[in-house]
Amino acid sequence: MLILGIETSCDETAAAIVSDGRRILSNIVASQFDLHAEYGGVVPEIASRAHAERIRPIIDAALSHAGISYADLHAVAVGHRPGLIGSLLVGLAAAKALAWSLSVPLVGVDHLHAHLYAAAMGDGSDDAPTIAARYPALGLVVSGGHTAIYHCITPTHTHRLGGTIDDAIGEAFDKVATILGLPHPGGPAIDTLAAEPDADDHAFDFPVSRLQRESLDLSYSGLKTAVLYAVRGNPRPRELGGGFDRDHADLSHARKRDLAASFQRAACRAIIIKLERAIDHLAPHDNQADTTRNVRSLLVGGGVSANSRLRREITALGRARGINVHMPPMPLCVDNAAMIAALAHHQLAAHGPSDLSLAAVPTTGA
Ligand code: KG4
Ligand code: ZN
C-alpha cells in the first residue's frame with residue numbers, strides 16, 4: 001500500500017511516499033531556515049506563505065523520486081496537529097483536495113506520535129514483526145517546539161505522560177546560544193562547544209527542574225534565565241534604567257565553553273530524571289524489578305536527539321534498565337513526511353480513514 005505523507009506543521013515543507021508503513025520510497029524536505037534566520041525565530045505568516053508556494057512542487061518531487069504517479073496512491077496522510085495553525089492548514093488543504101479528487105482515504109496524523117513511530121521503524125528497512133516487538137514502549141520527543149514523554153502501547157495507541165510546561169528543550173538550547181553569542185542553529189553550536197576537551201560541566205551549578213515529586217512534566221524557562229543572569233549579571237533596577245551591565249562580548253572563550261557545558265548538563269539531566277521516573281511509574285506493581293513488561297524499548301525522536309550528551313545519557317539509561325533504545329537516523333529525527341505516511345498505514349488499519357472535515361489543531365493531543 002502506497003501512502004503519500006504531507007507535513008507542514010512548522011517551517012519545513014515535506015512530502016514522502018512510504019510503502020506498507022515501513023519502506024521509504026522518497027522523503028523530500030524543503031527547509032525555510034533561510035527565510036526566518038534574520039528574525040531569530042519562525043515567523044508564522046512567512047512560514048504559511050512559503051508552504052503555499054512550495055507544497056505542490058514538493059509533492060510532485062516526492063512522487064517522481066518514488067517513480068510513481070498520483071493514480072498509484074492508496075491514501076493521503078497529513079500531519080494535522082500540533083503546529084502553527086496557518087502552516088498546518090496549507091498541508092491539510094492540499095491533502096484533502098488530493099484525497100477527494102483521487103477518491104482515496106485521508107488520514108490525519110498527530111505529528112508527535114509520528115516522531116515516536118519514526119524511532120520504532122528505524123531506518124525504514126526493518127520488517128513488521130520487529131517493529132511490533134518494540135512495543136509497549138516509552139516515548140520521548142525532544143525538538144525545537146516540543147518536549148514530551150509518552151507511553152506507547154502500539155504505534156497508534158499512546159498516552160501522554162508529561163511534557164514541558166513552558167519552553168521546549170530545543171528552544172532553550174537556541175535561546176542560550178543567543179545569550180552566549182553563538183551562531184544559529186544554537187543546539188549544535190552548544191553541543192560542539194561543550195564537547196571541547198577542557199570544558200567543565202560543573203563550573204556553574206544551574207538548576208535542574210524536577211517539579212513535584214511524582215511529576216513527569218518538565219520546565220526550561222528557569223534554566224534559561226539562570227544562564228542569562230550568569231552571563232549578564234543581575235538586571236539593574238528599573239529606577240536606574242534597567243538592562244544589564246555585561247553581555248557575551250565580555251566572556252572569555254573558556255567561560256563560554258563552561259557555561260555551554262554546564263547548561264547542557266542541566267538540560268539533559270532533567271530529561272533523564274523524568275525518563276527514570278516514567279520507567280518506575282510504568283513498572284508492573286506486582287514486580288517492581290521487572291520494568292520491561294510495560295516498557296520494552298525507549299523510542300526517541302525530534303531534532304535535539306542529535307545532541308551527543310543526551311544520546312550518551314539515554315543510551316546509558318537504557319543499558320542500566322535493560323531497555324533497548326531506538327533513535328532514528330537524523331533525516332527521520334527531524335521534521336519529515338515519511339514518518340507521517342508510515343504511521344498513517346497503521347492508523348488506517350486500526351482506526352480507518354479520517355473524515356474530509358478533519359480540522360487543523362494547534363495544540364498537543366493525548
Ligand atoms: O525537530 P527539529 O529539527 O525541528 C523542530 O523543532 O521543528 O528540532 C530543531 C531543534 C533546534 O532547537 C536545534 O537547536 C535542536 O533541535 N538541535 C540540537 C542539536 N541539533 C539540533 N540541540 C542540541 N544539540 C544538538 N546537537
Ligand atoms: Zn517535529
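Modeller: Happy to! One definition to start with: a residue is called buried under 20% relative accessible area, exposed over 50%, and partly exposed in between. A salt bridge here needs a side-chain nitrogen of Lys or Arg within 4 Å of a carboxyl oxygen of Asp or Glu, and by this rule the predicted model has 9 salt bridges.

D280 and R321 form a salt bridge, with their closest N and O atoms 3.0 Å apart. D280 sits in helix α9 (residues 253-282) and R321 in helix α10 (residues 308-321), so this pair ties together parts that are 41 residues apart in sequence. With a relative accessible area of 23%, R321 is partly exposed, and D280, at 39%, is partly exposed too.

Other pairs stay within one helix. In helix α2 (residues 44-66), D60 and R56 are 4 residues apart, separated by about one helical turn, and their side chains meet in a salt bridge at 3.6 Å, N to O. D60 is partly exposed at 30%, whereas R56 counts as exposed at 53%.

Helix α6 (residues 169-179) holds both E171 and K175, again 4 residues apart, about one turn of the helix. Their closest N and O atoms are 3.2 Å apart in a salt bridge. E171 is partly exposed at 26% relative accessibility, and K175 is partly exposed at 33%. These two also belong to a network of salt bridges that links D167, E171, K175 and K224.

Notes. Residues are numbered from 1 along each chain as its sequence is written. Chains are lettered from A and ligands numbered from 1 in the order in which they are written. This is a predicted model: local features need pLDDT of at least 70, side-chain atom pairs count only at pLDDT 80 or more; totals for chains, interfaces and linings use all residues. Side-chain values use heavy atoms; hydrogens and water are left out. Helices (H or I, at least four residues) and strands (E, at least two) are DSSP runs, numbered from the N terminus. Buried means under 20% relative accessible area, exposed over 50%, partly exposed in between (1.4 Å probe, protein chains only).
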